[in-house]
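I opened this notebook to record what surrounds the ligand and the pocket. The entries follow the order in which I looked things up.

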Amino acid sequence: MKTILTYGTFDLFHIGHLRLLQRLGALGDRLIVGVSTDEFNHLKGKKTVVPFADRIEIVRALACVDQAIPETCWEQKVDDIKQHGVSIFGMGNDWTGRFDELKAHCEVVYLPRTEGVSSTHIRKTLKILDQTHVEELKHALDLISSIIDRFD
Ligand code: C2G
């Protein structure tokens, strides 16, 4: 049984997350995913939109994921590797080199990220759309008000 382990926030789950998990899952027989809790993301200085309970449920539901566990701190990785008999620890290559110390316990791989998509970009786009939408509504309201004024 070849077990693969990875961790992530998986906020606003998108194709980049899915492709990474599918590619990691294809490296072995079982994929375990640590999902960062809201408290740990606060520690990471990472803003999220989707609460932890929903993020881990989404990850757990994926066909390529066999088990999802909470990630509560940076330091739990070695214990998780030992507890689950992990053969390969993998992350996207924005983390290249960051977890090389784990090579003492298992193989470590960094896979290419999916370019052009990120939770941060989705969040910023949603924010712009929201503001643009508000401006458009304000403009429409002003137009209606000016028409009403003409009939008064
Ligand atoms: N990822 C990717 N392509 C993207 C975006 C993300 O391959 N376009 C990968 C990242 O490289 C990471 C995983 O998807 O391996 C999860 O990304 P995040 O949810 O951003 O995770 P992060 O906040 O980097 O947390 O202890 C490790 C941390 O918990 C990782």
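I took a pocket, on a 1 Å grid over the protein atoms alone, to be an open set of points where a 1.4 Å probe fits, with protein on both sides within 12 Å along at least five of seven lines; its lining residues have an atom within 4 Å of a point. For volume I used the space filled by probe spheres set on the points, which are joined across faces, edges and corners. The model is predicted: local features need pLDDT of at least 70 and side-chain atom pairs pLDDT 80 or more, while totals for chains, interfaces and linings use all residues. Residues are numbered from 1 along each chain as its sequence is written, and side-chain values use heavy atoms, without hydrogens and water.

Entry: I found about 540 Å³ of space in the largest pocket. Of its 31 lining residues, H17, K46, D94, W95 and R113 are the closest to the centre. I counted 9 nonpolar, 12 polar and 10 charged residues in this lining (charged: Asp, Glu, Lys and Arg; nonpolar: Ala, Val, Leu, Ile, Met, Phe, Trp, Tyr, Cys and Pro; polar: the others, Gly among them). Helix α1 provides the largest share of the lining, 4 residues.

**Entry: polar contacts.** I looked for N or O pairs within 3.5 Å. Ligand oxygen atoms lie 2.5 Å from a polar side-chain atom of D94, 2.8 Å from one of K77 and 3.3 Å from one of S36. The protein covers 96% of the 640 Å² of accessible area that the ligand has on its own (Shrake-Rupley method, 1.4 Å probe).

Notes: A polar contact is a pair of N or O atoms within 3.5 Å; within protein, one must be able to donate a hydrogen and the other to accept it, and residues adjacent in sequence count only if both atoms are side-chain atoms. Helices (H or I, at least four residues) and strands (E, at least two) are DSSP runs, numbered from the N terminus.
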